[in-house]
Amino acid sequence: MILVVDIGNTNIVLGIYHNRELLHHYRILTSRQSTEDEYGVLIHNLFGMKGISFQDIEGVIISSVVPPLVKVLEQMCTKYIGKTPLIVGPGIRTGLNLRYENPREIGADRIVNAVAAVEQYGGPLVVVDFGTATTFDCIDDQRNYLGGVIVPGIGISTEALYQRASKLPRIELEKPKKVIGRNTISAMQSGIIYGYAGQVDGIVARIRQEMQAEPTVIATGGLAELIAGETTSIQEIAPLLTLDGLRIIFERNRD
């Protein structure tokens, strides 16, 4: 079994693979204050509920957009699992050609998503990841990672409304019954859901013009299913794309 770990700004997502089969996956809160011992206890308990022990893990791979937590999780793996994890970063084999001005600037999660998407769908592609930030990553049919777009995420925008407009409440993200809201909460929900759907369609349309291609558009991330159904451009939803990408990269760098 291998353990794959994606450290995001909001959540840490973990998956356990046996060969190419995802056996279990978990989502825990990203805590910058937690130590390697606290993460070790938490993950040990999650594994125990499924009858898995640390001794069952043959290898670990980590991607992260939170640099301070890389060392913490690396120490946890060494101390409790007895494995030094592979870290997604410069020098790692991905199978992509990075056509970025400075490849070191690309978030590890964006690379991992692109690797999995190319493996599963071929190219050309646009991968839309609805995370803390919403990212659009563009890959052509020659496995060239061309770059992309970064916009504030849905959660960030919703929280900004609450914090900066004194009369607006904090809301749950769910699809309203109608576009025209007849109360403040439904009006805010409509603005967020349909506003982001329109944003996705608008950006994808411009990407298609610039790529001069008809890429397959894939959505991933925690809020993908909420938004994707309201767009006209998203064709596939792959909520666990990042975990698959980590598994693929681990296999390509196993030696």
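## A mixed sheet

Strand E4 (residues 59-64) and strand E5 pair in the parallel sense over 2 bridges, where two strands count as paired if DSSP finds at least two bridges between them, and where helices (H or I, at least four residues) and strands (E, at least two) are DSSP runs numbered from the N terminus. Within this pairing, Ile61 stands opposite Leu86 in E5. The structure is a predicted model, in which local features need pLDDT of at least 70 and side-chain atom pairs count only at pLDDT 80 or more, while totals for chains, interfaces and linings use all residues. Residues are numbered from 1 along each chain as its sequence is written, and side-chain values use heavy atoms, with hydrogens and water left out.

An open sheet is formed by 5 strands in the order E3-E2-E1-E4-E5, and the pairing is mixed. E3 and E5 (86-87) stand at the edges with a single partner strand each, so one side of each is left without a neighbour in the sheet. Strands of a sheet pair through backbone hydrogen bonds, either parallel or antiparallel.

## Confidence

The predictor's confidence in each residue is given as pLDDT, from 0 to 100. The chain averages a pLDDT of 91, and 100% of the residues score at least 70. Confidence is lowest in helix H4 (residues 154-164), at a mean of 81, and highest in strand E10 (residues 216-220), at 96.

## The nonpolar cores

A nonpolar core is a set of buried Ala, Val, Leu, Ile, Met, Phe, Trp, Tyr and Cys residues joined through side-chain atoms within 4.5 Å; buried means under 20% relative accessible area, exposed over 50%, and partly exposed in between (1.4 Å probe, protein chains only). The largest such core has 29 residues, and those with the most contacts inside it are Val4, Ile61, Val88, Ile139 and Leu241. Among the elements that each supply at least two residues of this core are strand E1 (2-7), helix H3 (108-121) and helix H7 (241-252), and H3 gives the most, with 8 residues.

Leaving aside neighbours within four places in sequence, Val4 is in contact (heavy atoms within 4.5 Å) with residues including Val13, Ile61, Leu243 and Leu246. A second, separate core of 24 residues includes Leu14, Val60, Val72 and Met76.

## An enclosed helix and an exposed loop residue

Helix H7 is largely enclosed by the rest of the structure, because 10 of its 12 residues are buried; among them are Leu241, Asp244, Arg247 and Phe250. H7 reaches 17 Å from its first C-alpha to its last, close to the 16 Å expected at 1.5 Å a residue, the expected span being 1.5 Å times one less than the number of residues.

Thr232, by contrast, is exposed, with a relative accessible area of 75%, and has its place in the loop between helix H6 (224-228) and strand E11 (236-237). Thr232 and Lys79 are 153 residues apart in sequence and 48 Å apart in space, C-alpha to C-alpha.

## Aromatic pairs

Rings of Phe, Tyr and Trp (its six-membered ring) pair if their centres lie within 6.5 Å, with planes under 30 degrees apart counted as stacked, over 60 as edge-to-face and the rest as tilted; by this rule the count comes to 3 aromatic pairs. Tyr26 and Phe47 form a tilted pair, 6.0 Å centre to centre with 35° between the planes. Tyr26 is buried at 10% relative accessible area, and Phe47 is buried at 1%. Tyr26, Phe47 and Phe54 form one aromatic cluster.
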